[in-house]
Amino acid sequence: MDGRLPSGMLVTALLRRMNDSGGMGMVLAKGDPQGGGILVIVIEADRRERVLERGIGPDGKTALIDSTPANDILSYWQRRRARDPDLWVIELDGAAAERFTAETILQH
């Protein structure tokens, strides 16, 4: 056991933080409530989209990884989801989306 909170709880906390801050968050694909990975699509102020997820950084520690594809984010996350049905895919639109993502999924 690694002491991490269940994925479903992290997603709920992240969506609540985003919505409470005046932004918007929604689930695009529901994953495994206990241990599914979490892929976060962040909509920037200029309406560009970025894909963020928990991964291993260059220093070997858990980090927030930008895995934005060169094109077509929709196809990217749908392919990932087809290979991993436990994967959560959420979208966040608001000024603090990246900070909330890092604080929520990296700290737990």
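In this predicted model, Asp72 is partly exposed, because its relative accessibility of 41% falls between the limits of 20% for buried and 50% for exposed residues. Asp72 is found in the loop that connects β4 (62–66) with α2 (73–83), and its backbone adopts a positive phi of about 50 degrees although the residue is not a glycine. Most residues other than glycine have a negative phi. A positive phi, of about 75 degrees, is also found at Arg47, again a residue that is not a glycine, and Arg47 is placed in the loop between β2 and β3.

The strands β2 (38–43) and β3 (49–56) also contribute to the largest pocket, each of them, like helix α1 (7–20), supplying at least two residues of its lining. The space within the largest pocket amounts to about 200 Å³, and its lining comprises 15 residues, among which Arg4, Gly35, Gly36, Gly37 and Arg54 lie nearest the centre. By residue class, the lining of the largest pocket consists of seven nonpolar, five polar and three charged residues.

On the surface, a nonpolar patch is formed by Met24, Met26 and Leu28, which together present about 230 Å² of accessible area.

How values were computed
Residues are numbered from 1 along each chain as its sequence is written. This is a predicted model: local features need pLDDT of at least 70, side-chain atom pairs count only at pLDDT 80 or more; totals for chains, interfaces and linings use all residues. Side-chain values use heavy atoms; hydrogens and water are left out. Patches are made of residues with over 30% relative accessible area and no salt bridge: like charges are joined within 9 Å, nonpolar side chains (Val, Leu, Ile, Met, Phe, Trp, Tyr) within 5 Å. Accessible areas come from the Shrake-Rupley method with a 1.4 Å probe; for residues, only the protein chains shown count as cover. A salt bridge is a side-chain nitrogen of Lys or Arg within 4 Å of a carboxyl oxygen of Asp or Glu. On a 1 Å grid over the protein atoms alone, a cavity is a set of points where a 1.4 Å probe fits but cannot get out, and a pocket is an open set with protein on both sides within 12 Å along at least five of seven lines; lining residues have an atom within 4 Å of a point. Grid points are joined across faces, edges and corners, and a volume is the space filled by probe spheres set on the points. Helices (H or I, at least four residues) and strands (E, at least two) are DSSP runs, numbered from the N terminus. Ala, Val, Leu, Ile, Met, Phe, Trp, Tyr, Cys and Pro count as nonpolar, Asp, Glu, Lys and Arg as charged, and the others, Gly among them, as polar. Buried means under 20% relative accessible area, exposed over 50%, partly exposed in between (1.4 Å probe, protein chains only).
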